[in-house]
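Subject: Structure handover

Hi,

Here is the structure I said I would pass on. Please open it first, then read my notes below.

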Amino acid sequence: MYVSTDAARSSLRPRIDKIAGTIVNRYDPVFRMTSTPPTASARGDLAGQEFWNSLWASKRHSRAVGAKPLNLVEQEFERFFDRAFALLGDTNGKRILEIGCGDSGWLPYFAKRWGFSVSGLDYSPVGCERAADLAKRSGVDAEITCADLFAPPLALENRFDVVISMGVVEHFENTAGALKALGRFLNDGGILVTTIPNLAGIDGTLLKLINRAVYDMHLPLDAPALAAAHAKAGLDLVTNEYLVGLNLGIVNAAGLDPAKLTTKLRQLLVLSFIAFSHGVGNIERALRRRLPTSRRFSAYVGAVARRV
C-alpha cells in the first residue's frame, strides 16, 4: 500500500519524466543520474528531495534483496541485522519501519527473512512508488508513506519495534537531530538500527576526488562521531561498529556531465573500483575469511540503539 501526504507532493513531475527518459549508458544506476545536485535546504538536508527524485527516476531496474544470492556487502549487513534483531527475540509479526525507503530492496527481505510486518517512509514520491511496486512484485504487503521524516503522520509515531535507516542520517547537518527524529517512531522496547557509508575512510577520500558534489551531500562520520550523535540525541547505544572490511562500491559518478571527457575518465575509475572490490570479495570467498574492519578501510558504519 502506498500512502501520499500533502507535505511530500512534488511539482517536479515534468522534469522527472524527462530525466527518466534520458539514457546515459548501460551502467545502472551509478552513471545515470544527470541532474545538478540541489543546494541544502533550510532544514540542513544536504541532498534534498529533488536529488532523490531525479536519482530514482533515472534508475532502470529495481532488485529485491534475496532475489539473487546475497553479495558480500549484503551478507555482512544480514549478519549485522541478525545481531540487532536478536535483541527483540522472536521477530515474526513484529513491525519494522525503514526510513529513507526509496526504491528499497530490503523491505521484502525483512518480511521474508525475519517475518517482519514492513513499512517504509520517504519524502521522494518517485522513490516511494518504486518501493511499493518492488514490494508488490515480491509478494510482500508493505505500507509505504510518502512524508517528511520531521513532519510524519502522527499515527506512525511510537508504533514500531524496529526503525531502520540505511544511508540517511549522514545527509543532515544535524546528525543528532535526525537520529532523535528517527527515535520518535519507536515503541517502548524498540530498537533503532542505523547504517551509514564510512566517508571518513578510503571510500570518502576517493569519492571526494571523483565526485565532490555528491561527497558534499554527506557528513563524513566515523564510528566515534556516530556514537557521539546518538548520545547527543538521548539514545542508549547498544553497539557501534565498522562493517565490511574493504569495498569501494560507494564511490560513484552520479550527477556528472556525461558529455565531458573528464566524466568518462572518472566513470572508468569507478568501474575499476568496482572490479577491485569484486576481486577482494573473490579472495575472501576463496580463503573463507573476511578482512578485518577498520576506520580507514571499512565501507560502512553500523549502530544499534534504544530510546531512553
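**Salt bridges**

Asp222 has 13% relative accessibility, so Asp222 counts as buried. Bear in mind throughout that this is a predicted model. The partner of Asp222 is Arg295: they form a salt bridge, with the closest N and O atoms 2.8 Å apart. The two ends come from distant parts of the chain, 73 residues apart. Asp222 sits in the loop between helix 8 and helix 9. Arg295 sits in the loop between helix 10 (261-287) and strand 8. Arg295 counts as partly exposed, because its relative accessibility is 42%.

How many salt bridges are there by this rule? The count comes to 14.

Salt bridges with shared partners join Lys59, Asp103 and Arg130 into one network. Take the pairs in turn.

- Lys59 and Asp103: their side chains meet in a salt bridge at 2.5 Å, N to O. Lys59 is in the loop between helix 2 (49-58) and helix 3, and Asp103 is in the loop between strand 2 and helix 4, so the pair ties together parts 44 residues apart in sequence. Lys59 and Asp103 are buried.
- Asp103 and Arg130: the closest N and O atoms of this salt bridge are 3.0 Å apart. Arg130 belongs to helix 5 and Asp103 to the loop between strand 2 and helix 4, so this pair ties together parts 27 residues apart in sequence. Both Asp103 and Arg130 are buried.

**Cysteines**

Cys101 is at 0% relative accessibility, so Cys101 counts as buried. Cys128 counts as buried too, because its relative accessibility is 0%.

**Ser124**

Cys146 turns up again here, as one of the residues that Ser124 touches. Look for Ser124 in the loop between strand 3 (117-122) and helix 5 (125-137). Is Ser124 buried or exposed? Its relative accessibility is 0%, so Ser124 counts as buried. The side chain of Ser124 makes a polar contact with the side chain of Asn53, at 2.8 Å. Leaving out residues up to four places away in sequence, Ser124 also touches Gln49, Trp52 and Trp56.

**Nonpolar cores**

The largest nonpolar core has 43 residues. Phe81, Phe85, Phe110, Phe116, Val118, Val162 and Val193 have the most contacts inside it. Among the elements that give two or more residues to this core are helix 3 (72-85), helix 4 (106-114), strand 4 (142-146) and helix 8 (212-215). A second, separate core has 30 residues, including Val168, Leu192, Leu221 and Leu226.

**Helix 6**

Helix 6 (residues 175-183) is mostly covered, with seven of its nine residues buried. These are Thr175, Ala176, Ala178, Leu179, Ala181, Leu182 and Gly183. Which elements cover them? They include strand 2 (95-99), strand 5 (160-166), strand 6 (186-197), helix 9 (223-232), strand 7 (235-243) and strand 8 (300-307).

Best wishes

How values were computed. Residues are numbered from 1 along each chain as its sequence is written. This is a predicted model: local features need pLDDT of at least 70, side-chain atom pairs count only at pLDDT 80 or more; totals for chains, interfaces and linings use all residues. Side-chain values use heavy atoms; hydrogens and water are left out. Helices (H or I, at least four residues) and strands (E, at least two) are DSSP runs, numbered from the N terminus. Buried means under 20% relative accessible area, exposed over 50%, partly exposed in between (1.4 Å probe, protein chains only). A polar contact is a pair of N or O atoms within 3.5 Å; within protein, one must be able to donate a hydrogen and the other to accept it, and residues adjacent in sequence count only if both atoms are side-chain atoms. Contact means heavy atoms within 4.5 Å. A nonpolar core is a set of buried Ala, Val, Leu, Ile, Met, Phe, Trp, Tyr and Cys residues joined through side-chain atoms within 4.5 Å. A salt bridge is a side-chain nitrogen of Lys or Arg within 4 Å of a carboxyl oxygen of Asp or Glu.
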